[in-house]
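Have the viewer open as you read.

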Amino acid sequence: MRICCLVCFLILASFLSRSQNAIDTSSYEYHLNLGQEYNLAYQFPESIKEIEVAISIAKKEHNLERQLNAEVSLAELMRRTQNYLTGLDILYAQDEYKKHPKIHVRRLGRMAALYSEGAFFPETFSSDVDVEDSIKAFLKEAITISVINNFEDEEAGLSNELGSFLRRKENLKESLPYLRRSAELYMELKDTVNYVRPMMRLMENCILSSNMQRFDSIAEGLLLITN
């Protein structure tokens, strides 16, 4: 019995050793992934530290694509920790994003989010900054790039974001095509979880425009999906 237990222990120890050796703890991927895990766990100081290490590694490797990708992640962490201007400084610092469309789309989305949330704090922006126009410009540019490059998932999310923003600003008519496009794309992608989001915004539009017949029709469809 003891011999059997010893053999099992040695096999497990050998397996764990090989698994640890397979992970390169000095790599860009390791620190970026670890930073994202800390982010999901709301351990923001640790997450920022790991993302900064990933950026440093990308710079040493002269890999601009990786550097830009990690910098967008760092800017998103600045949003989550309410350091809005620092986040924007990070995203404005580089002018090479257009060479990497998917990262550029992600960057523009994060810029819109930083402006949107930062606007809740009067000290963030000076009075001459038109926050609403900036948000719309960032999201529309991101949507255009997504359409050109067939980034359907990104286009769906950004369309929902822009449609929701316009609806909050009571531009109901202008919000409709974006919300409908978002819902259409999510249905094509068979992403029913996210499909519900723009459809709920459309239901809110129906309430505001007193179109209860359309409201009931959407509600019936969503009930079938959620059930």
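Leu208 counts as exposed, at 53% relative accessibility (exposed is over 50% relative accessible area, buried under 20%, partly exposed in between, with a 1.4 Å probe and protein chains only). Leu208 sits in helix α10, residues 192-208; helices here are DSSP runs of H or I with at least four residues, strands are E runs of at least two, and both are numbered from the N terminus.

Some ground rules first. This is a predicted model, where local features need pLDDT of at least 70 and side-chain atom pairs count only at pLDDT 80 or more, while totals for chains, interfaces and linings use all residues. Residues are numbered from 1 along each chain as its sequence is written, and side-chain values use heavy atoms, with hydrogens and water left out.

Back to Leu208: leaving out residues up to four places away in sequence, it touches Arg167 and Leu172, where contact means heavy atoms within 4.5 Å. Pro177 is 31 residues from Leu208 in sequence and 16 Å from it in space, C-alpha to C-alpha.

Ser164, in helix α8, is a buried residue, with a relative accessible area of 8%.

Now for two helix pairs. The axes are lines fitted to C-alpha atoms, for helices over the stretch in contact, and angles run from 0 to 180 degrees between N-to-C directions.

| Pair | Angle | Axis separation |
|---|---|---|
| α2 and α3 | about 160° | 8 Å |
| α5 and α6 | about 155° | 10 Å |

The α2 and α3 crossing is left-handed, meaning the near helix is turned anticlockwise from the far one by less than a right angle; clockwise would be right-handed. On the α2 side the contact includes Tyr28, Leu32 and Tyr38, and on the α3 side it includes Phe44, Ile51 and Ile57. The residues of this contact split into ten nonpolar, five polar and two charged. In that count Ala, Val, Leu, Ile, Met, Phe, Trp, Tyr, Cys and Pro are nonpolar, Asp, Glu, Lys and Arg charged, and the others, Gly among them, polar.

α5 and α6 are roughly antiparallel to each other too, and their crossing is left-handed. Among the residues that meet are Leu88 and Leu91 in α5 and Met111 and Leu114 in α6. The α5 with α6 contact divides into seven nonpolar, two polar and three charged residues. Looking past neighbours within four places in sequence, Leu91 has contacts including Glu71, Val72, Ala75 and Tyr97.

So which residues have the most contacts inside the largest nonpolar core? They are Tyr28, Ile51, Leu74, Leu91, Tyr115 and Ile135, in a core of 41 residues. Such a core is a set of buried Ala, Val, Leu, Ile, Met, Phe, Trp, Tyr and Cys residues joined through side-chain atoms within 4.5 Å. The elements that give two or more residues to this core include α4 (64-80) and α7 (131-148). Apart from it lies another core, of 15 residues, including Leu179 and Met199.

Most residues other than glycine have a negative phi. Gln82, in the loop between α4 and α5, has a positive phi near 65°. Asn150, in the loop between α7 and α8, has a positive phi near 60°, and is exposed, with a relative accessible area of 63%.

Conventions: Parallel < 35°, antiparallel > 145°, perpendicular 65-115°, else oblique.
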